[in-house]
Amino acid sequence: MSAAEVTSQEYIKHHLQNLTVGEGFWALHIDTLGWSIFLGLVFLTIFRSVAKKAETGVPGKLQCAVEMIVEFVDDSVKSTFHGHNPVIAPLALTIFVWVLLMNAMDWVPVDLIPRIFELFGVHYMKAVPTTDPNMTFALALGVFVLIIYYSIKVKGIGGFIKELTTQPFGHWSLYPVNFILEMVTLLARPLSLALRLFGNLYAGELIFLLIATIGLFQLPVHFLWAAFHLLVIPLQAFIFMMLTILYLSLAHEEH
Amino acid sequence: MNLNMTLVGELIAFIVFVIFCMKYVWPPIIGAIEARQATIADGLAASDRAAKDLELAQEKATAQLKEAKAQAAEIIEAAKKRETQLVEEAAEKAQAEKEKILAAGHAEIETERNQAKEELRQQVAVLAVAGAEKILERSIDAAAHSDILDKLVAEL
């Protein structure tokens with residue numbers, strides 16, 4: 001191993017290190033929390049400012065843009081979920097825009113934000129919150145809790161347990177097998193949600209960092225990879241939103 | 001993968017954001033969108049109705065125009081008829097007047113002629129008497145021979 005390789009390894013490692021306060025389980029990733037809450041506030045501030053003076057007549061340009069997103073989410077919800085639930089649509093909107101904004105931090109040049117913070121003596125700064133599993137698992141866990149809540153609310157505890165045990169095999173002797181299968185299905189949902197988003201964004205960030213180590217030739221490659229993320233970033237936000245809607249509408253369905 | 005308290009923090013942030021979105025962001029925006037959709041739908045329906053009304057009004061106007069034209073033609077026809085009638089009447093009257101005047105003229109002429117005849121007869125009688133006197137060179141008693149004279153006058 002040459003010295004340069006060690007340096008680039010260190011470079012990547014350094015960039016994938018969160019700004020952490022505390023130890024072990026009680027640790028807090030200040031950068032993930034800070035950026036995600038900042039982006040969440042950006043989302044809510046813009047949308048709230050439009051909501052406050054929402055015109056029913058001729059809308060302004062910002063209102064048009066916001067309404068396009070809202071209508072897009074509304075259509076997505078209505079195409080999948082056919083019941084009445086005041087939570088699902090705002091939840092889907094929050095997930096879509098928030099995840100989109102957090103993913104979009106991937107487009108910011110990998111060294112820009114860490115360098116700026118370095119000037120103020122902050123040595124670790126990971127600016128893409130969705131590359132932190134804490135972030136994606138928090139979202140998935142929130143959705144999972146809602147899945148359980150609405151399953152029980154719509155079907156009752158008995159109905160929910162029945163759904164977990166009496167299918168796919170109808171015979172009572174196979175109920176334990178059913179339960180194991182259904183639990184795997186149920187638990188796979190938040191796990192796949194969290195890991196899909198984390199995996200895609202983490203891998204994307206890693207490739208950005210790798211490209212950053214190859215010298216001057218990195219400029220066109222960075223451009224290509226960023227252009228590719230024009231697909232990845234909205235797509236991952238959309239997938240997270242659609243799967244949330246799908247899982248919640250499944251929770252509302254009686255079998 | 002080091003999961004830690006960050007997850008809890010993010011979960012809290014997530015819940016707060018969703019609740020805020022549910023309470024203060026989603027309802028006004030979707031309300032405005034739906035209200036505008038309703039307005040637009042109403043506007044489109046109204047314009048459809050207006051187009052239909054226009055068509056109807058045009059049809060009505062055309063019908064009225066046709067009727068008016070027919071009425072005008074009728075009036076003109078009647079007027080022409082009346083004109084002919086008036087001319088005819090006037091001609092008839094003129095004819096009658098002419099005949100009346102002619103008749104009056106004829107009558108006058110007749111009277112005058114009769115008068116002249118009568119006068120002439122008288123004078124002829126006188127002349128005849130005077131002539132006869134001269135022929136007979138004697139006076140004739142006009143009264144005694146008046147019956148002859150009257151006969152003569154009647155013969156004239």
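Visitor: Why does A:N103 count as buried?

Guide: In this predicted model, A:N103 has 26 C-beta neighbours inside 10 Å. The cut-off for buried is 20 or more, so A:N103 counts as buried.

Visitor: Where is A:N103 found, and which residues does A:N103 touch?

Guide: A:N103 lies in helix 4 of chain A. Leaving out residues up to four places away in sequence, A:N103 touches A:T130, A:L201, A:I233, A:Q236 and A:A237. One of these, A:Q236, is 133 residues from A:N103 in sequence, with 8.3 Å between the two C-alpha atoms.

Visitor: Why does A:Q167 count as partly exposed?

Guide: A:Q167 has 14 C-beta neighbours inside 10 Å. A residue is exposed at 12 or fewer and buried at 20 or more. The value for A:Q167 falls in between, so A:Q167 counts as partly exposed. A:Q167 sits in the loop between helix 6 (133-165) and helix 7 (175-212) of chain A. From A:Q167 to A:G83, 84 residues apart along the chain, the C-alpha separation is 24 Å.

Visitor: What makes helix 2 of chain A oblique to helix 4 of chain A?

Guide: Helix 2 (residues 30-52) and helix 4 (residues 88-104) of chain A pack at an angle of about 130°, with their axes 9 Å apart. Roughly perpendicular ends at 115 degrees and roughly antiparallel needs over 145, so helix 2 of chain A is oblique to helix 4 of chain A. The crossing of helix 2 and helix 4 of chain A is right-handed.

Visitor: Which residues make the contact of helix 2 with helix 4 of chain A?

Guide: Helix 2 of chain A gives A:S36, A:L39, A:G40, A:V42 and A:F43, and helix 4 of chain A gives A:V97, A:W98, A:L101 and A:M102. By class, the residues of this contact are 7 nonpolar, 2 polar and no charged.

Visitor: Why are helix 7 and helix 8 of chain A called roughly antiparallel?

Guide: The axes of helix 7 and helix 8 (residues 218-252) of chain A cross at roughly 175° and come within 10 Å. Angles over 145 degrees count as roughly antiparallel, and helix 7 and helix 8 of chain A are therefore roughly antiparallel to each other. Residues making the contact include A:R189, A:L193 and A:R196 of helix 7 of chain A, and A:Q218, A:V221 and A:H222 of helix 8 of chain A. The contact of helix 7 with helix 8 of chain A has 14 nonpolar, 6 polar and 2 charged residues.

Visitor: What makes helix 6 of chain A roughly parallel to helix 8 of chain A?

Guide: Helix 6 and helix 8 of chain A pack at an angle of about 20°, with their axes 8 Å apart. Angles under 35 degrees count as roughly parallel, so helix 6 of chain A is roughly parallel to helix 8 of chain A. Helix 6 passes helix 8 of chain A in a right-handed crossing. A:V143, A:L146, A:I147, A:Y150, A:S151 and A:V154 in helix 6 of chain A meet A:T244, A:Y247, A:L248, A:A251 and A:H252 in helix 8 of chain A. This contact has 8 nonpolar, 3 polar and no charged residues.

Visitor: How does chain B compare with a compact globule of 156 residues?

Guide: Such a globule would have a radius of gyration near 15 Å, but chain B has 61 Å. The C-alpha atoms of chain B fill a box of roughly 195 × 20 × 20 Å along the principal axes. Chain B has 2 helices and 0 strands, and 9% of its 156 residues count as buried.

Visitor: How many residues of chain A are in contact with chain B?

Guide: 40 residues of chain A are in contact with 28 residues of chain B. Helix 2 of chain A supplies the largest share of the chain A side, 10 residues. By class, the side of chain A that touches chain B has 26 nonpolar, 8 polar and 6 charged residues.

Terms used:
Residues are numbered from 1 along each chain as its sequence is written. Chains are lettered from A and ligands numbered from 1 in the order in which they are written. This is a predicted model: local features need pLDDT of at least 70, side-chain atom pairs count only at pLDDT 80 or more; totals for chains, interfaces and linings use all residues. Helices (H or I, at least four residues) and strands (E, at least two) are DSSP runs, numbered from the N terminus. Axes are lines fitted to C-alpha atoms, for helices over the stretch in contact, and angles run from 0 to 180 degrees between N-to-C directions. Angles under 35 degrees count as roughly parallel, over 145 as roughly antiparallel, 65 to 115 as roughly perpendicular and the rest as oblique. A crossing is left-handed if the near helix is turned anticlockwise from the far one by less than a right angle, and right-handed if clockwise. Two residues are in contact if their C-beta atoms, placed from the backbone, lie within 7 Å. Ala, Val, Leu, Ile, Met, Phe, Trp, Tyr, Cys and Pro count as nonpolar, Asp, Glu, Lys and Arg as charged, and the others, Gly among them, as polar. The radius of gyration is taken over C-alpha atoms; the globule rule is 2.2 Å times the number of residues to the power 0.38.
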